[in-house]
Amino acid sequence: MPAAKHVYETFVRATPAEVWAAITDPEFIARHFHGARREGELRSDGPYRFVADDGSVAVEGEVEVFEPGRRLLLTWHTVFDTAMAEEPPGRVEWVLTPANDDETITRVRLRHLDLGLSPATSADVERSWVVVLDSMKSLLETGTGLGPITLDDEPSEPIDDHRRLAATANNSTWELLERIADDGGGLDDDETADLLERAWAAAYHWRRAAPPDGPQPHRAAWLVARAHLFVGDVRVGARMARRCGDLTRACPTAADFDQAYALEIAARAEAAQGHLEVAARLRAEAAQVPIADDQDREIVEIDLASGRWFGLD
C-alpha cells in the first residue's frame, strides 16, 4: 500500500527567488530551521546533510531533483535519534509557484513522502515541519523568525514500542510476500508459517498503536487477507478481506486509495473462491476509484496489475 506522507501548504509574501534562497542558502536556513546548517552543495544527485550547532549530523541524504526557484526533491534520513536512524529514509519535496501576477506572493507546497515504514520519523516531523514553515514565513515577511517553540501537547500519533514493532512486522511481511509466484509457489512450509505470523503480528501491534479512527486497522486487515490468500488459505483470506472492507467503510479518515484497496482485496478473495465474474467487476471498480495524488494512483495501478489473481486475466 502507499507509503504515509505529510503535506503542507502556505502562502508567503515573498518572491519565489526569495523563498528559494530561504530553503537553500545555508546561512538563511540556520535562521529558521532549528539552528541547523546545511552542508554540501545542492546539485542533482549530490549529497547533503544538516548539522546541528554542536557539530553532530541531524539529517543526511541526496538531491534527486534540483530546479532553482521551482522544485527541490531530497532523500531525507533523520539520524540524530537512534530509532529514526534505524528507519529507511523518506523524501522531502518543495514546490514553489507564483501566487499573483507580479510574483510577490509565493505558494509553498511541502511534502514529506515515503514514511510508511518510518513511524518514529513520521511522528517527529509531523509538527516540526509546521514550525519550520511558519518560522520561514515570519522571517521572510517580517525579518524575524519565530525563535524556540515549545510544543507541550502530545503528538497526534504516539511513538511507542507497538508502533515500531508494527512497522517492522509489516515491512518483513512484504519481504516474503514478494517471493510468492503467481501459482502460489516460492515459499516452503516454514516460510509460509513465518509469513502469516508476521502479518498477524503487524495487525496486533497496529491495533494497540493506532490513534482513534486511524486507518491502521483496515490496512492491517488488508495485509493479513493478502497473506492468507497468496498462500492458499482462502477461507481466512476471504474473511479478512470482508473485514478490511467493513473497517474501511467505517473509518472516517480512510484515504481515497484505501477505498481502492478494499475493492482490490475483495476481488482477489472472490477470484480465489472461483467467482471470476464478481472478481472482475470488483477489480474494475477498484481501478475506477478517483485517486487525487498521482503517486498514490500509480502505486494502486501497479498493485492491481501484479500479484496472484487466481485465474482472473
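Is E264 buried or exposed? In this predicted model, E264 is buried, with a relative accessible area of 1%. Its salt-bridge partner is R268, and the closest N and O atoms of the two residues are 2.4 Å apart. R268 is also buried, at 0% relative accessibility. Both residues belong to helix α9, which spans residues 256–272. They are four residues apart there, so about one helical turn separates them.

R268 has a further contact. Its charged end sits over the ring of W309, 4.1 Å from the ring centre. The charged end of R283 sits over the ring of W309 as well, at 4.7 Å from the centre. The ring of W309 therefore has the charged end of R268 over it and that of R283 too, while R268 also holds its salt bridge to E264 within helix α9.

Helix α9 also packs against a neighbour. The axes of α9 and helix α10 (residues 276–287) come within 8 Å. They cross at roughly 165°. An angle over 145° counts as roughly antiparallel, so α9 is roughly antiparallel to α10. The crossing of the two helices, α9 and α10, is left-handed.

An aromatic contact involves α9 too. The rings of W222 and Y261 have their centres 5.4 Å apart. Their planes stand at 80°, so the pair is edge-to-face. W222 lies in helix α7 (residues 216–230), whereas Y261 lies in α9. The pair therefore ties together parts that are 39 residues apart in sequence. W222 and Y261 are both buried.

The structure holds 10 aromatic pairs. Among them is the pair of F33 and W76. This pair is edge-to-face, with 6.1 Å from centre to centre and 80° between the planes. F33 sits in the loop between α2 (26–30) and β2, and W76 sits in strand β5 (residues 71–78). The two residues are 43 residues apart, and their pairing links distant parts of the chain. Both F33 and W76 are buried. Ring pairs extend the picture into a cluster made up of F33, Y48, F50, W76, W94 and W129.

Charge pairs were examined next. Side chains of opposite charge can pair when their charged atoms come close. The structure holds 18 salt bridges. One of them joins E39 to R49, with the closest N and O atoms 2.9 Å apart. E39 lies in strand β2 (residues 37–39), and R49 lies in strand β3 (residues 47–51). The bridge therefore ties together parts that are 10 residues apart in sequence. E39 is partly exposed, with a relative accessible area of 36%. R49 is also partly exposed, with a value of 35%.

A further salt bridge links K137 and E141. The closest N and O atoms of this pair are 3.0 Å apart. Both residues lie in helix α4 (residues 119–142). They are four residues apart, about one turn of the helix. K137 is partly exposed at 23% relative accessible area. E141 is partly exposed too, at 36% relative accessibility. The spacing of four residues is thus found for K137 and E141 in α4, and for E264 and R268 in α9.

D45 has a phi near 70°, a positive value in a residue other than glycine. D45 is placed in the loop between β2 and β3. Those are the strands that hold E39 and R49. D45 is exposed, with a relative accessible area of 62%. F310 also has a positive phi, of about 55°, although it is not a glycine. F310 is found in the segment after α11 (294–304). With a relative accessible area of 19%, F310 is buried, because the cut-off for buried is under 20%.

Terms used:
Residues are numbered from 1 along each chain as its sequence is written. Side-chain values use heavy atoms; hydrogens and water are left out. A salt bridge is a side-chain nitrogen of Lys or Arg within 4 Å of a carboxyl oxygen of Asp or Glu. Buried means under 20% relative accessible area, exposed over 50%, partly exposed in between (1.4 Å probe, protein chains only). Rings of Phe, Tyr and Trp (its six-membered ring) pair if their centres lie within 6.5 Å; planes under 30 degrees apart count as stacked, over 60 as edge-to-face and the rest as tilted. A charge sits over a ring if NZ of Lys or CZ of Arg is within 6 Å of the ring centre and within 35 degrees of the ring normal. Axes are lines fitted to C-alpha atoms, for helices over the stretch in contact, and angles run from 0 to 180 degrees between N-to-C directions. Angles under 35 degrees count as roughly parallel, over 145 as roughly antiparallel, 65 to 115 as roughly perpendicular and the rest as oblique. A crossing is left-handed if the near helix is turned anticlockwise from the far one by less than a right angle, and right-handed if clockwise.
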